[in-house]
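Here are some friendly notes to read alongside the model. Take the points one at a time and keep the structure open as you go.

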Amino acid sequence: MMKKLSLFITACVISSLAANAQTVIKPYGALPTKAQQNWQDMEYYMFIHFGPNTFTDREWGQGNEDPRIFNPTALDARQWARTAKLAGMKGIIITAKHHDGFCLWPSKYSTHTVRESAWKNGKGDVLKELSAACKEYGLKFGVYLSPWDRNHPAYGTPEYNQVFVNMLNEVLGNYGPVFEQWFDGANGEGPNGKKQVYDWSLFNNTVLRKQPSAIIFSDIGPGCRWVGNEDGFAGTTNWSTINIAGYEPGKKAPSLTTLNTGQEDGEKWVPAECDVSVRAGWFYSDATNDKVKSLAELLEIYNASVGRNSNLLLNVPVDRRGRIHANDSTRLMEFRRLLDETYKTNLARKAKVSVTDTRKDNPAVNARNLVDGNNKTYWATPDNVTQGAITLEFPQPVSFNRIVLQEYTPLGQRVKAFTVEVWENGAFKEIAKETTIGHKRILRLPNTTTSKVKVLVADAKACPLISEVQLYQAPDLLASPEIKRDREGMVSISCASPDPELHYTTDGTEPVFSSPRYTQPFALPQGGVVTAKAFVDNGKKASPAVIAHMDISPAKWKVLFADGGQDNAGRAIDANEGSYWSTGHNASASYPHELQVDLGETLSLKGFAYTPHRDVHGNTGTFYKYAFYVSNDGKEWGQPVSAGAFGNIRNNPIRQVIRFNAPVSGRYIRIVALEPAEETDHNASIAELEVLTK
């Protein structure tokens, strides 16, 4: 009892001293609210995309889907919550209403809801079940509601904004505490041909009236901001502050670069959130069951989101049963074990800590706070001292390959530049040089053994407040193999890990150590399934299996016609996503643009695939609307066999797969780019164009 009392008194003293430190040290710049501080401490939580798109195999629904198609056979929200909890996540955000307008609750303000579905004879309520499951498993509950509604007849009229507010009131008032309200800025055509003029002030005020502590997500917050991509990567420089005056969510948002990096001395505290899916696409599809991200990919995303002053919102789509697929949950559990093993032992806790300068007027601010595992305590330099060095000294050399740094951000984000040095041959040697820290910064470093580590704050906006310096030895991760096939149909398998044995199969089974060993490229011109694993230690340790589904190779193909000339058009059919065809950046050129290809033989085509060119710099030529034609002679094309739009391709430019309603026979194909993903884009481009015959 006395021990507990002593610990309690110590905690009170620390809390009191920390409070005193806040009164002495002046805040700098825009500051986070208490709700934003609590939100950033969550770091990692789950996104769930679920709705009619799950059953239609679409990313963006049209809004005219029969609501009866929504009929999960074994929906289990407790399984979702249990999976999130075991994965180490702190909450779940669900797509309560996506762009198709379908509501996962029986809204009084729509006729396109679970009430009209076949699920539970219209008596079900997904939000009710999930909010209860989150409460049971100690998770926070959040909701995504898209203002765009492709079903509601009032969309595109002034009356719709109040309809949307009525829906917000239902969701935010009937399902308990909501930690985050996720707003998508997408804005499509209304029934009268006009886009909706969203009343963002009304929407935000409605949220805060119903849920005062909720964090509002959008391109400009006000609670947190989109990071500018759907890859899960924040900028290596990432400020939690940004200027929002004059901007709106959607097409009037700040530039993607600004969203990715924030703005030094921005007017508002709007930290970044990184949204990314655990598999290709946001909604569940059978076709992506073998496209779950590898452990190496998830680790890279974690380090580039949580490790770069952002939160990670990892999408785990629910399948048509209403369950998280085993492939996804298995990978999440593997990832949890990897993170636990990586951050199990903080080597810095054993170090002697010294600093170059410490404020003299506050006993709460001292060097030992840097290794106490508490991000609410910190070390600080005197006022007007914007540089400082922290040295960790060990009695015996230690080995590490991760360093974690944290700032005390309730008083503002301050650090502009820092370096990491290690003691080597009687002197300090620089091994890392970076910019911002913020809530958390994780650096992956080469395996390093040393007796001294120095962190030098080289520049800061005001006296730096550093709360944590941590060192870890992360386990070596066996990389997954990479499977490629060239234009001629030759398959090659490689692996980034040193000295693995690569084994593969072509019959759809998972490789074992006795499966054929890869030694040289092999031919697969007609396509098939290649599954590969990397093995070390004579087969005792293996990577996850990687599966590649291949269709017919483009060995016989040639370009007949290409807008902008045919000089680089062959890059669209060279089986290399790293190269691309582009019509060029001629500002006078205008849509439509087209490409015609001779397949070299008559084939029965079941669909096609378009892979957009990805480039972080400016417009890419990615197109949103398309028409696809098939011909027997390359002259008479008739009507398109498929026409439509690639939903969400602007934000998530991944391979787009389109299946025809029925097979079509032909030797020639023609794809026409009708509308760009970026309104200011004049050119069109294709990284890879494929046909589907299987």
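Which residue follows α2, and is its phi positive or negative?

1. Glu-43 comes after α2, and its phi is positive, near 70 degrees. In helix α2 (residues 34–42), the buried residues are Gln-36, Gln-37, Trp-39, Gln-40 and Met-42. Buried means under 20% relative accessible area, exposed over 50%, and partly exposed in between, using a 1.4 Å probe and protein chains only. Helices (H or I, at least four residues) and strands (E, at least two) are DSSP runs numbered from the N terminus.

2. A word on the source: this is a predicted model, in which local features need pLDDT of at least 70, side-chain atom pairs count only at pLDDT 80 or more, and totals for chains, interfaces and linings use all residues. Residues are numbered from 1 along each chain as its sequence is written, and side-chain values use heavy atoms, leaving out hydrogens and water.

3. Now the barrel: eight strands close it in the order β1-β2-β3-β4-β5-β6-β9-β10, with parallel pairing (two strands pair if DSSP finds at least two bridges between them). From one strand to the next, the twist averages 25 degrees.

4. Look at one pair: β2 (residues 91–97) and β3 (residues 140–145) are joined in the parallel sense over six bridges. Lys-97 has Leu-145 as its bridge partner in β3.

5. Finally, helix α7 (residues 200–210) has Trp-200, Phe-203, Asn-204, Thr-206 and Val-207 buried. These residues lie on the same side of α7 because they cover an arc of only 155 degrees around the axis (the arc of the directions from the helix axis to the C-beta atoms).

Technical notes. Axes fitted to C-alpha atoms, helices over the stretch in contact; angles between N-to-C directions.
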